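Visitor: I'd like to go through the helices of this one. Can you put it up?

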Amino acid sequence: MVLTTYGQIKTGVNDGYIHFGDSMIYLAACMLPAPYAMCAASIGASLSDILSGSAVWAPATAIIKALNVIPFALMIKHLRKNGKDANIINKGTIIMAVVSGIITILGYFVAEGIMFGFKVAAVSSILRGLVQPVGSAIVFYAVGMALDKAKFKSRVIGNL
């Protein structure tokens, strides 16, 4: 919520904004059990919408951000089954950041289409379409690699 609320760039279209807070959702999805990560994503991002004066987006955000966790949860489950989930950043989570970004783009396109019309959604989606998912993925990769280097997942998460 903090990174989304205080690190945003207003687009000036339909009370929307661009942020890189999704990177924290990706990290949570890699380290927390899926239900906890989904709740953290939904609540944190929705609160950010409310605190940012964009409350109209909060219901859609709650759904979209919960959906962002699902690709990671499925990949982590697969990696655990094969004993390969020691690191936050790996081939699977790199791919899931892309999948999650696509969920964000499509989710907000549909939500904006329902709220404001699909012609408006098509134009405004171009404005923020790739910036938020790509920026969030870059932040996720950078922070995840730093945490992997510090062996955060095995030292902290492994001891819970």
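Guide: Helices are DSSP runs of H or I with at least four residues, strands are runs of E with at least two, and both are numbered from the N terminus. The expected span of a helix is 1.5 Å times one less than its number of residues. This is a predicted model, where local features need pLDDT of at least 70, side-chain atom pairs count only at pLDDT 80 or more, and totals for chains, interfaces and linings use all residues. Residues are numbered from 1 along each chain as its sequence is written, and side-chain values use heavy atoms, with hydrogens and water left out.

Visitor: How many residues does α4 have, and how far does it reach?

Guide: Helix α4 (residues 58-81) has 24 residues and spans 35 Å from first C-alpha to last, close to the expected 34 Å. G83 follows α4, with a positive phi near 65°.

Visitor: Switching to α5 and α7: at what angle do they cross?

Guide: Roughly 150°, with the axes of α5 and α7 (residues 131-149) coming within 9 Å. Axes are lines fitted to C-alpha atoms, for helices over the stretch in contact, and angles run from 0 to 180 degrees between N-to-C directions. α5 is therefore roughly antiparallel to α7 (under 35 degrees is roughly parallel, over 145 roughly antiparallel, 65 to 115 roughly perpendicular, the rest oblique).

Visitor: Which residues make that contact?

Guide: Contact means heavy atoms within 4.5 Å. On α5 they include A97, G101 and T104, and on α7 they include A137, F140 and Y141.

Visitor: And how do α2 and α5 cross?

Guide: The axes of α2 (residues 22-31) and α5 (residues 91-116) come within 11 Å and cross at roughly 130°, so the two helices are oblique to each other. D22, Y26 and C30 of α2 make the contact, with A97, G101 and T104 among the α5 residues.
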